[in-house]
Amino acid sequence: MVLFLYTVLILLYILSVFIDASFLHFIVGIIAFLTLLTSAFRAKGLYFYSGLLFFLGGTGLFIMQDLPWYHFFFYFDSMLGVMSLFLVLPFLNSIIRTGHYDTNLNILLRRNVQGFEKLYQRSFLVSHMLGFFLNVATIPLLKNTLHHTLKQLPRERAQAFLSQSLLRGYALCLSWSPMEVMVITSLDITGKTYIEIVLAMLMLVLLFTAVDYTISFFKYRTFGLHIADSLQKKTNITRKLLQMVGMLLLFVCLASIFQHYFQTGYLLSVVIIIIPISFLWACLIKKQKRYLKITVPHWKERTRGLSNYFFMFLSAGLFVNMLSESNLLSFLQEMFYSVSEQTLAFYFLIGLYFLVTSLVGFHPLVSITLLGELLKPSLPDTSSISLTIVLITCSLATVMYSPFNVSVSILSDLLRINPFKIVRWNLPFALLYMSVSIFIAYILGLLL
């Protein structure tokens, strides 16, 4: 039942993006509401209680708006793009298993690595590189790759290792990616170009890569690491890596072309491209039968396990949509405007805004979209390269720690842990990244 309901909801949602019909949007809303009710009975723990609070808050705000009752069903769609990605990710993950890319990537990660501090740095670097191609799919791929090796660490230490190396490498990758939606949105808000900020962003990324490498050296150097010699003697790694790079470049190109011609947004473009590119990949390596044999049961298993996410994200979507419709945020506009002349305080207020919204359940894209509206009165006097850097770093720092971010949600699900554990492990580094970036942006503003 849930398999059918979740799939139909996502398929109709994708259709509604291309066919702008009120009746279709209403049907999507009805099915989304039924999905929310169904998933509520299967959701557990933090996901259930967070979802319940979001649902009650969103419903209360809807009642306060005094809108026709049927408008209620039009406010569930803001998180369906994220849920679409959850639904199709198994198709991409399965091709990695089908072609034994995970095995070969495991060899690459572990070759000539003599300690856990070196393994941490290698996994951070691979996460950073693959983030350009696989986006959030990088996280399950590398988690599976490192799983067996990390059994040599205590369980909680291994979980912290993964959450820190993968999420920090991935977040820093997005910070200077010209394809990242948060980077593009920040540039749109301030009216700057990518060329103007890329050098500063690269310097920040290099600085914090060095900082994290240093921290990991002292944290993991006391743990011994044993790697079997046989794992380091395989010779087909280069061929496998070239296949991955070639297909991932094709994946990015097709998604970008699709986005350009259909104006669907990059996230939805990725969702639509994943299934055909994965099957094409399987055909090119002549393993389509094995791919289907692995994919179908894997997809069914993962989809049935999405109830926690459907309940929490659909409820959060309702709450966020209703909050943006209300006038409750107008006082924030005055707050930002009142401190806009005090540049450093203004930047730290932006950082605090992203910190708070990310911890209460706002998707960073929703947060930065709302912030663009809140900053409109201030932008004529504050729009600058420095402000752009602050928007990019503070919004994308949430990738490391926000329990409601896709990256953290996926990793917490894979590790079978409470996402607030990841908050505890990554928040100090994220706050350091935000604070130092704000100070550097402030100094840069004084020099320019």
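The dialogue below works through surface patches, salt bridges, cysteines and backbone angles in one predicted model.

Me: What should I keep in mind about the numbering and the model before reading any value?
Reply: Residues are numbered from 1 along each chain as its sequence is written, and the model is predicted, with local features needing pLDDT of at least 70 and side-chain atom pairs counting only at pLDDT 80 or more, while totals for chains, interfaces and linings use all residues. Side-chain values use heavy atoms, with hydrogens and water left out.

Me: How is a salt bridge defined, and how many are there?
Reply: A salt bridge is a side-chain nitrogen of Lys or Arg within 4 Å of a carboxyl oxygen of Asp or Glu. By this rule there are 5 salt bridges. One of them joins the side chains of K421 and E156, at 3.6 Å from N to O. This pair links distant parts of the chain, since K421 is in helix α22 (residues 419–447) and E156 in helix α8 (residues 155–175), 265 residues apart; helices here are DSSP runs of H or I with at least four residues, and strands are runs of E with at least two, numbered from the N terminus.

Me: Which parts of the chain does the pair of D212 and R168 tie together?
Reply: The closest N and O atoms of D212 and R168 are 2.6 Å apart, in a salt bridge. D212 lies in helix α10 (residues 194–220) and R168 in helix α8, so the pair ties together parts that are 44 residues apart in sequence. Both D212 and R168 are buried.

Me: How is a surface patch put together, and which residues form the nonpolar one?
Reply: Patches are made of residues with over 30% relative accessible area and no salt bridge, like charges being joined within 9 Å and nonpolar side chains (Val, Leu, Ile, Met, Phe, Trp, Tyr) within 5 Å. Accessible areas come from the Shrake-Rupley method with a 1.4 Å probe, and for residues only the protein chains shown count as cover. The nonpolar patch is formed by L15, V17, F18, I19, L250, L254, I257, Y261, F262, L280 and L284, with about 990 Å² of accessible area together. At least two of its residues come from each of α1 (2–18), α11 (237–262) and α12 (266–284), and the largest share, 5 residues, comes from α11. L280 lies in helix α12 and is partly exposed, with a relative accessible area of 35%.

Me: Which residues form the positive patch?
Reply: Lys and Arg count as positive and Asp and Glu as negative, while His and the chain ends are not counted; the place of a charge is taken as NZ of Lys, CZ of Arg, CG of Asp or CD of Glu. The positive surface patch is formed by R42, K44, K300 and R304. K44 is found in the loop between α2 (22–40) and α3 (45–65) and is exposed, with a relative accessible area of 62%.

Me: How many disulfides does a search of the whole structure find?
Reply: The search of the whole structure finds 0 disulfides. For C283, the nearest cysteine sulfur is that of C253, 20 Å away, and C283 counts as partly exposed at 30% relative accessibility. For C394, the nearest cysteine sulfur is that of C173, 18 Å away, and C394 is buried at 0%.

Me: What is the phi of D66, and what is that of R416?
Reply: Most residues other than glycine have a negative phi. D66 has a positive phi of about 55 degrees although it is not a glycine; D66 lies in the loop between α3 and α4 (80–98) and is exposed at 70% relative accessible area. R416, also not a glycine, has a positive phi of about 60 degrees, and its place is in the loop between α21 and α22.

Conventions. Buried means under 20% relative accessible area, exposed over 50%, partly exposed in between (1.4 Å probe, protein chains only). A disulfide is a pair of cysteine sulfur atoms within 2.5 Å.
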